[in-house]
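Me: I would like to go through this structure slowly, asking at each step what the words rest on. Could we begin once it is in view?

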Amino acid sequence: MHIDLRTFVFIDALQPQLASYLATSSQGFLPIPGDACLWVEVAPGMAVHRLSDLALKSTNVRMGQQVVERSFGSMEIHFRNQSEVKAAGDAILGQLNASVDDRMACAIPWLEIIRAITPDHATLINRQMRYGSMILPGKCLFIMETQPAGYVIRAANEAEKAANVTLVDVKPFGNFGRLTMMGNDSEVEQAAEAAQRAINTINHQARDDD
């Protein structure tokens, strides 16, 4: 059965907030700041089991997350040594008879900055299911969607690296990836620019299904 490589994202060093967020929501082994990380998304979803098995048996990586849906399957693996994570990625690509160039390009269906968020709006978001920090009234809210979903991990890591922002929520699986961050005006603008640059970099080395 053909396996479609939707997302293939290598991160050399997880930023502190993103690493902590992934650890909070992880059902597997917890990543820590500075770990190298690989996020892979394939279709159909059940195929991710075979790729997880291969990555774990061929290297010393640890698995932090695996989400198996009917349409898509996602996995996150990490290790302190970048070479182990890269080796796992090479094994996955070899199994798929693919290269990084074969991953899907990323679209940004939504990107917006909402300034001076109201107390009611902040409270409503804070009461929803989330694993990151709370939004404070008066701050600016940066929201972003990506498709495929897994690319939002790279956007979140680069945004945190570039600006003094607070990670509220990140959802890297499903039909759309979603990122929510908080900060002042200049901080969220820097974060948004960094997130867009991260996606543009991915799209320089990806197939275009259009």
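Reply: A residue is called buried when its relative accessible area is under 20%. Please keep in mind that this is a predicted model.

Me: What makes strand β2 a covered strand, and which residues lie on each of its faces?

Reply: Strand β2 spans residues 36-43, and eight of its eight residues are buried, so each of them falls under the 20% limit. On one side are A36, L38, V40 and V42, while C37, W39, E41 and A43 are on the other, and both faces are covered. As a general point, the side chains of a regular strand alternate between the two faces of the sheet.

Me: How do you know that β2 is paired with strand β1?

Reply: Pairing requires at least two bridges between two strands. Strand β1, residues 4-11, and β2 are joined in the antiparallel sense over seven bridges, and therefore they count as paired. One of the places to look is L5, whose bridge partner in β2 is V42.

Me: What makes β4 a partner of β2 as well?

Reply: The reasoning is repeated here, because seven bridges join β2 to strand β4, residues 73-79, and at least two are needed. These two strands run antiparallel, and the bridge partner of W39 in β4 is E76.

Me: How is the lining of the largest pocket divided by class, and which residues lie nearest its centre?

Reply: The largest pocket has a volume of about 600 Å³. Its lining has 27 residues, of which Y21, D169, V170, K171 and R178 lie nearest the centre. By class, 16 are nonpolar, six polar and five charged; D169, K171 and R178 belong with the charged ones, because Asp, Lys and Arg are counted in that class.

Me: Which element gives the largest share of the lining of the second largest pocket?

Reply: That share, five residues, comes from α3, and the space in this pocket is about 200 Å³.

How values were computed
Residues numbered from 1 in each chain as written. Predicted model: local features only at pLDDT ≥ 70, side-chain atom pairs only at ≥ 80, totals over all residues. Heavy atoms only, no water. Buried < 20%, exposed > 50% of the residue type's maximum accessible area, 1.4 Å probe, protein only. Helix = DSSP H or I, 4+ residues; strand = E, 2+ residues; numbered from the N terminus. 1 Å grid on protein atoms, 1.4 Å probe; cavity = no way out; pocket = protein on both sides within 12 Å on 5 of 7 lines; lining within 4 Å. Points joined across faces, edges and corners; volume = space filled by probe spheres on them.
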